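Hello,

Here is the structure you will be taking over. Please open it first, then read my notes below.

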Amino acid sequence: EGRTVGDYVYILQSESTGRFYCGQTNSLVHRLDEHNNPDYKGSITTKRFKGPWRLVWCRQCLDRTKAMKLEKSIKKRGISRFLEAQLLESRPAEAGD
């Protein structure tokens with residue numbers, strides 16, 4: 001069927017304004033193309049704010065329900081704060097930590 005198992009939660013950033021956008025999809029490449037296509041009308045937020053939009057983070061979830069829960073928690077926390085926490089978690093420990 002051409003569909004991968006699971007859904008993705010993703011964060012985009014506008015290359016012109018620095019603004020973030022969080023969403024979820026079952027086709028990451030296709031969805032990114034939609035966000036950057038000026039003729040596509042299904043992406044209201046990324047049309048109202050100037051792009052181009054680039055992918056800065058994504059995570060695959062087992063199903064759409066889990067993806068929707070993760071997307072909601074990221075938006076509730078704040079996308080910038082979520083990304084800062086991800087960056088801190090991925091840094092290697094300093095000697096003596």
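Helix α3 lies across β1, β2 and β3. Its direction is at about 170° to β2. Bear in mind that this is a predicted model.

**The sheet**

The sheet is open and has 3 strands. Their order is β2-β1-β3, and the pairing is antiparallel. The edge strands are β2 (20–25) and β3 (53–61), each of which pairs on one side only. From one strand to the next, the twist averages 20°.

Look next at β1, which covers residues 7–14. Strand β1 pairs with β3 in the antiparallel sense, over 8 bridges. For a landmark, find Ser14: Trp53 in β3 stands opposite.

**Glu71 in helix α3**

Helix α3 spans residues 64–77, and Glu71 lies in this helix. Is Glu71 buried or exposed? Glu71 counts as buried because its relative accessible area is 13%, and buried means under 20%.

Which residues does Glu71 touch, leaving aside neighbours within four places in sequence? They are Val9, Cys22, Gly23 and Gln24. Val9 falls within the range of β1 (residues 7–14). Cys22, Gly23 and Gln24 fall within the range of β2 (20–25).

The side chain of Glu71 also makes a polar contact with the side chain of Lys75, at 2.9 Å. This pair comes up again below.

**Salt bridges**

Side chains of opposite charge can pair when their charged atoms come close. How many salt bridges are there here? The count comes to 3.

- Lys75 and Glu71: the closest N and O atoms are 2.9 Å apart. The two residues are 4 apart in helix α3, so about one helical turn separates them. Lys75 is partly exposed, with a relative accessible area of 44%, whereas Glu71 is buried at 13%.
- Arg31 and Glu34: their side chains meet at 2.9 Å, N to O. Both residues sit in helix α1 (residues 28–36). Being 3 residues apart there, they are separated by about one helical turn. Arg31 is buried, and Glu34 is buried too.
- Lys66 and Asp63: the closest N and O atoms are 3.8 Å apart. Lys66 is partly exposed, with a relative accessible area of 43%. Asp63 is partly exposed as well, with a value of 30%.

**Aromatic pairs**

A pair of aromatic rings is described by the distance of the centres and the angle of the planes. The structure holds 2 such pairs.

Take Tyr10 and Tyr21. Their ring centres are 6.3 Å apart. The planes are at 45°, so this pair is tilted. Tyr10 lies in strand β1 and Tyr21 in strand β2, so the pair ties together parts that are 11 residues apart in sequence. Both Tyr10 and Tyr21 are buried.

Now take Trp57 and Phe82. This pair is edge-to-face, with 4.9 Å centre to centre and 85° between the planes. Which parts does the pair tie together? Trp57 lies in strand β3, while Phe82 lies in helix α4 (residues 79–90). The pair therefore links parts that are 25 residues apart in sequence. Trp57 and Phe82 are both buried.

**Where to look**

Start with α3 lying across the strands. Then go to Glu71 and its salt bridge with Lys75. Finish with the Trp57 and Phe82 pair, between β3 and α4.

Best wishes

Notes:
Residues numbered from 1 in each chain as written. Predicted model: local features only at pLDDT ≥ 70, side-chain atom pairs only at ≥ 80, totals over all residues. Heavy atoms only, no water. Buried < 20%, exposed > 50% of the residue type's maximum accessible area, 1.4 Å probe, protein only. Polar contact = N/O pair within 3.5 Å; in protein donor to acceptor, adjacent residues only side chain to side chain. Contact = heavy atoms within 4.5 Å. Salt bridge = Lys/Arg side-chain N within 4 Å of Asp/Glu carboxyl O. Pairing = 2+ DSSP bridges. Axes fitted to C-alpha atoms, helices over the stretch in contact; angles between N-to-C directions. Phe/Tyr/Trp six-rings, centres within 6.5 Å; stacked < 30°, edge-to-face > 60°.
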